[in-house]
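Subject: The structure we talked about

Hi,

Here is the structure I promised to pass on.

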Amino acid sequence: MRLFPLLAVLAGLFPVPAAAAEAGANFHLTGHPVGWLALALFVLAYVAVMLEEHIRIAKSKPVMLAAALIWGLIAWQTRGENSTAARGAFEAMFLEYAEIFFFLVVAMTYVTALGERNVFEALRAQLTQRRLGYRALFWITGALAFFLSPVLDNLTTALVMSAVVLAVGGSQPRFATLALVNLVVAANAGGAWSAFGDITTLMVWQAHKAEFFEFFRLFPSALVNWLVPALVMHFALPGGWPEHVPGQVRVKPGGIGICLTFALTIALTVIGKQWLGMPAAYGMLTGLALLNLLASRIDRRQRGYALAQGIEEEPYSIFRIIANAEWDTLLFFYGVFGCVGGLAALGYLELASHAFYGASGATLANAGMGVLSAVVDNIPIMYAVLQMNPPMDGSQWLLITLTAGVGGSLLSVGSAAGVALMGASGGRYTFMSHLRWSWAIALGYAASIALHLALNGV
């Protein structure tokens with residue numbers, strides 16, 4: 001990747017948070033050395049994120065440092081009369097991040113708690129006992145990924161279902177490769193039609209660009225995005241059946257209760273957002289309180305059983321589970337929000353609007369943003385579009401939600417699901433193995449956009 005073209009793209013990509021823009025926090029420093037230095041800091045940080053596996057530095061560290069330096073430069077350059085505006089811009093950005101942060105902490109806590117209670121392992125064991133053929137497993141795992149991703153997230157869904165694929169068909173390289181490519185596409189497509197399915201859909205929902213039930217309008221397009229490449233790959237699958245895998249996994253006590261509480265939490269979040277006008281974090285934190293109460297019941301039951309057996313049992317604590325959340329990812333999001341908000345407060349909003357939406361129109365711009373998300377992470381892409389706030393109707397906002405969600409499937413490095421499976425597959429799923437099928441995935445990407453435009457009369 002050449003650095004100077006990337007600089008040119010990023011120069012127009014990362015604008016100021018909406019609340020800060022409304023407060024007039026545009027310091028017009030795009031032609032100032034401070035603006036150039038801030039942009040260079042972000043590019044260096046993002047390059048470090050892309051090279052995370054090679055330099056062995058967690059992705060949160062470079063972007064958090066870059067965010068701190070960028071906002072320090074803004075505060076230093078605007079000290080005096082504009083110091084209050086700089087502080088207001090930072091506080092607006094931080095409030096947006098805080099709402100996302102608490103939502104994700106609760107969601108990750110539930111997913112970790114379900115994993116600790118063997119819920120996902122039980123699902124894997126059930127599928128491995130069915131004696132299904134390779135082609136049946138390909139479609140079943142893909143369908144499960146497509147329908148689990150809207151409730152969990154694409155990363156967790158891909159990891160859970162990849163364990164099934166590798167446990168059942170890991171000895172058949174062709175099946176394993178095709179099934180893992182299918183999982184990435186299905187998980188990303190499934191996450192696009194639910195407010196809970198991906199960070200990008202959550203951001204659109206939080207910004208009031210689409211209401212909760214409006215995301216379901218993306219279901220047909222997301223389904224086509226998965227089905228087109230899946231049908232193409234179907235004919236390359238090997239025939240036959242995998243070897244039988246013995247063993248049975250039981251869900252630990254409280255596992256079903258956590259599933260039901262998670263469903264109730266989602267309902268509370270939707271009700272709080274749609275009918276009470278509260279942020280999504282309100283419903284999720286209410287659900288965390290319910291999970292804490294359920295954890296106390298599980299703890300008492302475990303202690304009673306351990307006492308009867310004469311063994312020592314560690315207390316079951318929801319705070320211990322929270323400690324196991326993906327903190328590197330959570331802090332990475334802060335770094336992205338900080339860098340994006342900081343660079344935009346320097347004055348890149350107008351450049352971004354003219355460069356991407358002024359010349360080509362909303363449809364081509366939104367389709368291009370999706371392709372770009374295969375190289376640049378879809379979270380800063382979506383955050384940038386939201387803060388540009390181009391004049392688009394509801395169908396176009398749903399289109400950018402779709403393209404940013406599924407565009408990452410074009411490359412293995414374009415989504416968290418793909419990156420995770422490259423590490424978990426033991427060499428069965430690689431950048432090149434995914435790239436061989438990128439043409440089929442691109443067909444599904446184009447078909448999903450065309451269907452969305454046709455269904456919504458765009």
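Below is what I found, going from the whole chain down to single residues.

A bit of housekeeping before that. This is a predicted model, where local features need pLDDT of at least 70 and side-chain atom pairs count only at pLDDT 80 or more, while totals for chains, interfaces and linings use all residues. Residues are numbered from 1 along each chain as its sequence is written, and side-chain values use heavy atoms, with hydrogens and water left out.

**The whole chain**

You'll see 22 helices and zero strands. Both are DSSP runs numbered from the N terminus: helices are H or I with at least four residues, strands are E with at least two. Of the 458 residues, 53% count as buried. Buried means under 20% relative accessible area, exposed means over 50%, and partly exposed is in between (1.4 Å probe, protein chains only). The chain exposes about 19,600 Å², and carbon and sulfur atoms supply 65% of that. Those areas come from the Shrake-Rupley method with a 1.4 Å probe; for residues, only the protein chains shown count as cover.

Now for contacts, meaning heavy atoms within 4.5 Å. Take the contacts with a separation of 6 or more: residues 24 or more positions apart account for 81% of them.

**The core**

The largest nonpolar core has 136 residues, and Met203, Ile258 and Tyr357 have the most contacts inside it. Helix H6 (residues 83-116) gives the most to this core, with 16 residues. A nonpolar core here is a set of buried Ala, Val, Leu, Ile, Met, Phe, Trp, Tyr and Cys residues joined through side-chain atoms within 4.5 Å.

What does methionine 203 touch, not counting residues up to four places away in sequence? Its partners are Ile100, Phe337, Ile379, Met382, Tyr383 and Leu386.

Threonine 200 sits in helix H11 (residues 199-206). With a relative accessible area of 0%, threonine 200 is buried. Leaving aside neighbours within four places in sequence, threonine 200 is in contact with Asn378, Ile379, Met382 and Gly405. Its side chain also makes a polar contact with the side chain of aspartate 198, at 3.3 Å. A polar contact is a pair of N or O atoms within 3.5 Å; within protein, one must be able to donate a hydrogen and the other to accept it, and residues adjacent in sequence count only if both atoms are side-chain atoms.

**Helix H19**

Is H19 enclosed or open to the outside? Twelve of its 13 residues are buried, so H19 is largely enclosed by the rest of the structure. Among the buried ones are Trp397, Leu398 and Ile400. At the start of H19, a side-chain oxygen of aspartate 393 comes within 3.2 Å of the backbone nitrogen of serine 395.

Leucine 402 belongs to H19 and is buried, at a relative accessible area of 0%. Not counting residues up to four places away in sequence, leucine 402 touches Ala192, Leu218, Ser221, Ala222, Ser448 and His452. The C-alpha atoms of leucine 402 and isoleucine 449 are separated by 8.1 Å, although these residues are 47 residues apart along the chain.

**Salt bridges**

Side chains of opposite charge can pair when their charged atoms come close. The structure holds four salt bridges, each being a side-chain nitrogen of Lys or Arg within 4 Å of a carboxyl oxygen of Asp or Glu.

- Glutamate 91 is partly exposed at 42% relative accessibility, while arginine 87 is exposed at 58%.
- Aspartate 299 and arginine 303 meet at 3.1 Å, N to O. Aspartate 299 is buried at 14%, and arginine 303 is partly exposed at 43%.
- Arginine 117 and glutamate 116 meet at 2.6 Å, N to O. Arginine 117 is buried at 1% relative accessibility, whereas glutamate 116 is partly exposed at 28%. Glu116, Arg117 and Lys252 are linked in a network of salt bridges.

Cheers
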